[in-house]
Amino acid sequence: NLGKLLADDGQLAEAVDVLAEAARRDQRNVRARQNLASALLILGRKNEASHWYAEANALLLERLKLNSSDRDALSTLAHNYAFVGNREMAMRYAQQALQLSGLSQSDKTSIALALLHVGKRGKARDLVNELLAEGVSEESLRRYGSLRSLIAAGHSSESALPGPIIVNRSR
């Protein structure tokens, strides 16, 4: 969507406007809410980001009531809770997701970011190594600053702060 393209291009203020409009137009649009929250968090607008993460999480929790094995919902909840500082809930959903087989690369990336953000660096590194073994390029993973530090582990002292993920999933 346009909001994600703008965010990827570094035009976060414009992305916020587009994503906010998408969220207002479609009250069930989880991705617009999550991407809006992520962009706001990157811009340092934590209170606003928390509001939009909470709205996205409410919709994701509704999905889990219908399907407790919804990998996308579990991994996204892990990510979102990590970035609003709720370590306990982030770990709960990350662990639930990791117990399931068939996680997508996007799910694993979300979980790795969540685990890293809550201090589980070793588990996050294991997921990154899995992604690399599956053929995900280092370049693709390096776009998430915090994952860059895991790829570089042992090769440099680089340590970026974890940043939220802006997703482009069609659910």
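**Chat about a helical model**

Modeller: Hi! In this predicted model, the protein exposes about 8500 Å², and carbon and sulfur atoms supply 48% of that area.

Biologist: Thanks! And what share of the residues is buried?

Modeller: Buried residues come to 47% of the 171 residues in the protein.

Biologist: Nice. How many helices and strands are there?

Modeller: You'll find ten helices and zero strands. Read from the N terminus, the elements go α-α-α-α-α-α-α-α-α-α.

Biologist: Let's pick one pair, then. At what angle do the axes of α5 and α7 cross?

Modeller: At roughly 25°, and the axes come within 8 Å. Helix α5 covers residues 71–83, while helix α7 covers residues 105–117.

Biologist: Why are they described as roughly parallel to each other?

Modeller: Angles under 35 degrees count as roughly parallel, and α5 and α7 cross at roughly 25°, so the two are roughly parallel to each other.

Biologist: Is that crossing left-handed or right-handed?

Modeller: The crossing of α5 and α7 is left-handed.

Biologist: Great, and which residues make the contact?

Modeller: From α5 there are Arg71, Asp72, Ser75, Ala78, His79, Ala82 and Phe83. Helix α7 brings Asp107, Ser110, Ile111, Leu113, Ala114 and His117.

Biologist: How many of those are nonpolar, polar and charged?

Modeller: The contact of α5 with α7 has six nonpolar, four polar and three charged residues.

Biologist: Back to the whole protein: what percentage of contacts with a separation of 6 or more is between residues 24 or more positions apart?

Modeller: Those pairs account for 53% of such contacts in the protein.

How values were computed. Residues numbered from 1 in each chain as written. Predicted model: local features only at pLDDT ≥ 70, side-chain atom pairs only at ≥ 80, totals over all residues. Heavy atoms only, no water. Axes fitted to C-alpha atoms, helices over the stretch in contact; angles between N-to-C directions. Helix = DSSP H or I, 4+ residues; strand = E, 2+ residues; numbered from the N terminus. Parallel < 35°, antiparallel > 145°, perpendicular 65-115°, else oblique. Left-handed = near helix turned anticlockwise from the far one by under 90°. Contact = heavy atoms within 4.5 Å. Nonpolar A, V, L, I, M, F, W, Y, C, P; charged D, E, K, R; others polar. Buried < 20%, exposed > 50% of the residue type's maximum accessible area, 1.4 Å probe, protein only. Areas by Shrake-Rupley, 256 points an atom, 1.4 Å probe, with all protein chains shown as cover.
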